[in-house]
Amino acid sequence: MSEQLSVELNKLAELERVTVELAAQVQAANPHRNAADVQVLQDDELIKLQTENTKLKHRLAILNQAISDESGKGGSTARSFSLNDDSLSIIEHLRSVLAIAITTAFPQLSHTPVLLTPSIKFGDYQCNNAMALAKKLKDIGIGKSPRDVATELINSCPVSPRIGKLEVAGPGFINIFLNKDYGVRAITDLLRNGVKPPKVPKKRVLVDFSSPNIAKQMHVGHLRSTIIGESICRLLEFLQHDVIRINHLGDWGTQFGMLIAHLEDRFPNFLNESPPIGDLQAFYKESKKRFDEDEVFKKRAYNAVVALQGGDPNSIKAWQLICDVSRKEFKTIYDRLEINVKERGESFYQSRMLTVVDFLRKQNMLEVDDGREIMWPDESKTGIPLTIVKSDGGFTYDTSDMAAIRHRIEEELCDWLVYVVDSGQSTHFATIFKAAKRCGIFQPKVHRADHVQFGVVLGEDGKKFKTRSGDTVKLADLLDEGMKRSLEQLRSRGRDQVLTPQELLDAQEAVAYGCIKYTDLCHNRISDYVFSFDKMLDDRGNTAVYLLYTYTRICSIARNSGEDFSNLSKILETIDITLTHDKEWKLVSTLLKLHDVLVKCSRDLFLHFLCEFCYEVCTAFAEFYDSCYCIEKNKAGQIVKVNHSRILLCEATAIVLRQCFYILGLKPITKI
Ligand SMILES: NC(=[NH2+])NCCC[C@H](N)C(=O)O
């Protein structure tokens, strides 16, 4: 393949040179002609050469394509690209089309990455490559204006079923207009088959999220991890990845020594009768106080840790009882927010910590420092080392994460690891990833690891989110407050008069939990955000309430038409979708971006792009609904005409929103 390619490349380069030379001569003879005119000159030799040149360029594009498919590297072209492949997002499709155009028109620059953006005003997308390409061409002695480069790119684009029109604009932008027939086909397919996932390379990915600590309060930081982690899992599952959801519970460590010792004293009969620990935090505080003040107790606590780690059955039983109290608390939060995560806490890695320490010692990765055994993340011994074994022989958070990363890669066989943990731990994860690479567990060519970090939650006073008395806010109280506020809002709008009690409760939950989740997800996760129920419950702007209201409004349209729109496939047998009004097209072209957005979100695991998309869909829908009648009524309020095609567009909008709502954890209620 590559030999054939190099022969063709040489031929092509020679032809290119002759063509450029001839064109330059012609241009010199008649300086007022532009490049396009040159092409129509009746010079036999030039025409012959150009024809052959074009053929060769196409051949080359196909060969390049085949090579990049085979190598899987992609280069500037997409993998296994077929012009009729509907599972590719529009941007990916256009990127492939333009990559072929670049390779065809300017084979010397075939590895140029394609620059594409959705366009706001002119056309649907825009390609911005021509300016930089013209500069690069100039560097290799080919003088072409960016506009000419853009024209040549347009002429070299393969015919695509998705593109309606391409035009050069301004200094050399290419405006891309989608083909409306394609829009009709895509929407019809959406109505028939629902949202199909865009095609992306499949991975086995482990998402470590939520991960609160036993006997400690699950705080808003864990709430963020829980919400973001759940949505990331839903997104990756929708993209057909093989997802493992893991709750890396803090259920191991020296604090259990004092908890067990205290349990033995407070509830001596704990082996036979479940101890009624109502408030584990208070229990924790009591035992900590004793630990700090009472030397004898302290000793017992140490012994209890040793017994626990040694697998003593009574200690294990005591430990389990304590964990169960926290577990129950966590579960109520997970149930309320519909979180699905498998518990695999730090304790799971106890035996693996022993083996990973052994493994690291054998590889000479550990260094004794002041009685501890430490590991530097790289040979240069810069940065902060991990503490693998403490001076008392115990293990640390670092040890458990080294054991966990090894288990995830070598036993779970994951090729992508995602840790949804606050930004405060970014050094920890950067060090773990480097150390895992240093000792050969993590291979960057095969594995990917992301610390999906997020900022802190602030109160309305701009300081760390706390209760008035300065305590950490209990998550259950926070959810209760959300429920209370959402009910107040629904009542103030008189919804309790219209909805059945069940519908009211559904609406109350959808609004309360929806607004808490959505506020978290709609900001760039890296920044801090201010927790304010007033702002969350606003029904204007990019909020859960606005989206939920828009969705219910859409659902009511088909309902109010007096016709049955439940069997969409059947309706599509007799009704064709037409896109004549500007606002119809605007809505459709917005809906068609769903695949682009999902791919973009999954690339760096940012969900605010999906929230922005939902908001864009809702505003496009509002504009459409304001200017396009779906149901026409006479003065007496009777329906005189139903525009079926437009109602189908409403249904398509509902389908897209439902899919996005699912990923974002919003409940698509049909009445509010
Ligand atoms: N593999 C991990 N380290 N996951 C995150 C654990 C978070 C930890 N339990 C905390 O509350 O800070």
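Begin with residues 547-672, where UniProt, in an unreviewed entry, places the feature "domain: DALR anticodon binding". UniProt positions follow the numbering used here, feature names are shortened, and annotations may be inferred rather than shown by experiment. Residues are numbered from 1 along each chain as its sequence is written. The model is predicted: local features need pLDDT of at least 70, side-chain atom pairs count only at pLDDT 80 or more, and totals for chains, interfaces and linings use all residues.

The span 547-672 is 66% helix and 6% strand, and its end C-alpha atoms lie 12 Å apart. Helices (H or I, at least four residues) and strands (E, at least two) are DSSP runs, numbered from the N terminus.

Select strand S15 (residues 631-633) and strand S16 (residues 639-642), which pair in the antiparallel sense over three bridges. Two strands count as paired if DSSP finds at least two bridges between them. Lys-633 stands opposite Ile-639 in S16. Five residues separate the two strands of this hairpin, and Gly-637 in the turn has a positive phi of about 85°.

**The N-terminal annotation**

Move to residues 92-178, listed by UniProt (unreviewed entry) as "domain: Arginyl tRNA synthetase N-terminal". Here the chain is 40% helix and 22% strand, with end C-alpha atoms 14 Å apart.

**The five-stranded sheet**

Next, display the open sheet with strand order S7-S6-S5-S11-S12 and parallel pairing. Its edge strands are S7 (342-343) and S12 (448-452), each pairing on one side only. Within the sheet, S5 (residues 204-208) and S11 (residues 416-420) pair in the parallel sense over four bridges. Val-207 has Val-418 in S11 as its bridge partner.

**Around the ligand**

Which residues are around the ligand? Select Asp-208, Ser-211, Asn-213, His-248, Gly-250, Asp-401, Ala-404, Tyr-419 and Val-421. A residue is counted here if its C-beta atom, placed from the backbone, lies within 6 Å of the molecule. This shell divides into three nonpolar, four polar and two charged residues. In this classification Ala, Val, Leu, Ile, Met, Phe, Trp, Tyr, Cys and Pro are nonpolar, Asp, Glu, Lys and Arg are charged, and the others, Gly among them, are polar.

**The three-stranded sheet**

Now select the open sheet S8-S9-S10, whose pairing is antiparallel. Strands S8 (366-369) and S10 (386-389) are its edges, each pairing on one side only. Neighbouring strands are turned by 45° against each other on average, direction ignored. S8 and S9 (residues 372-375) pair over four bridges, and Asp-369 stands opposite Arg-372 in S9.

Axes are lines fitted to C-alpha atoms, for helices over the stretch in contact, and angles run from 0 to 180 degrees between N-to-C directions. Contact means that C-beta atoms, placed from the backbone, lie within 7 Å.

**Confidence**

Finally, colour by pLDDT, the predictor's confidence in each residue, from 0 to 100. The chain averages 90, and 88% of the residues score at least 70. Over residues 26-42 the pLDDT is below 50, and this stretch has eleven contacts beyond near neighbours in sequence. Residues 65-80 stay under 50 as well, with 30 contacts beyond four places in sequence. The model scores ipTM 0.99 and pTM 0.87.

How values were computed. Contact = placed C-beta atoms within 7 Å.
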